[in-house]
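Open the model in your viewer and keep the sequence panel beside it. The stops below say what to select next and what is there.

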Amino acid sequence: MSQQLSFSDSEFTSKRRKTRKELFLGRMNELIPWQQLEAQIEPFYPKAGKGRRPYP
């Protein structure tokens, strides 16, 4: 059962302060070219086959 947000709830969520973690992760997403990094790592990433499945 999903709970519907009230007007005050939706207004509060847009005005709350960002945590240090949110600020850090936002900055990291701006600075690091993730697609290029993933392209370099992908050939060495374990493939599904024998044994356990690799984590995404």
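Which pattern does the protein chain follow, read along the sequence? The pattern is α-α-α, and the secondary structure comes to three helices and zero strands. Helices (H or I, at least four residues) and strands (E, at least two) are DSSP runs, numbered from the N terminus.

This is a predicted model, in which local features need pLDDT of at least 70, side-chain atom pairs count only at pLDDT 80 or more, and totals for chains, interfaces and linings use all residues. Residues are numbered from 1 along each chain as its sequence is written, and side-chain values use heavy atoms, with hydrogens and water left out.

**Whole chain.** Colour by pLDDT, the predictor's confidence in each residue, from 0 to 100. The average over the protein chain is 81, and 82% of the residues score at least 70. Where pLDDT is low, the predicted coordinates should not be read in detail.

Now show the surface. Its accessible area (Shrake-Rupley method, 1.4 Å probe; for residues, only the protein chains shown count as cover) is about 6,500 Å², and 58% of that belongs to carbon and sulfur atoms. Of the 56 residues, 0% count as buried. Buried means under 20% relative accessible area, exposed over 50%, and partly exposed in between (1.4 Å probe, protein chains only).

**Helix α2.** Select residues 20–31. These 12 residues reach 17 Å from first C-alpha to last, close to the 16 Å expected at 1.5 Å a residue; the expected span is 1.5 Å times one less than the number of residues.

Within α2, pick arginine 27 and glutamate 30, which lie three residues apart, about one turn of the helix. They form a salt bridge, with the closest N and O atoms 3.4 Å apart. The rule asks for a side-chain nitrogen of Lys or Arg within 4 Å of a carboxyl oxygen of Asp or Glu, and by it the count comes to one. Glutamate 30 is exposed, because its relative accessibility is 61%; arginine 27, at 46%, is partly exposed.

**Nonpolar patch.** Select Trp34, Leu37, Ile41, Tyr45 and Tyr55, which together have about 530 Å² of accessible area. Patches are made of residues with over 30% relative accessible area and no salt bridge; nonpolar side chains (Val, Leu, Ile, Met, Phe, Trp, Tyr) are joined within 5 Å, like charges within 9 Å. Tryptophan 34 sits in helix α3 and is partly exposed at 36%.

**Proline 54.** Go to the segment after α3 (34–41), where proline 54 is found. Leaving aside neighbours within four places in sequence, proline 54 is in contact (heavy atoms within 4.5 Å) with Tyr45, Pro46, Lys47 and Ala48. Proline 54 counts as partly exposed because its relative accessible area is 29%.
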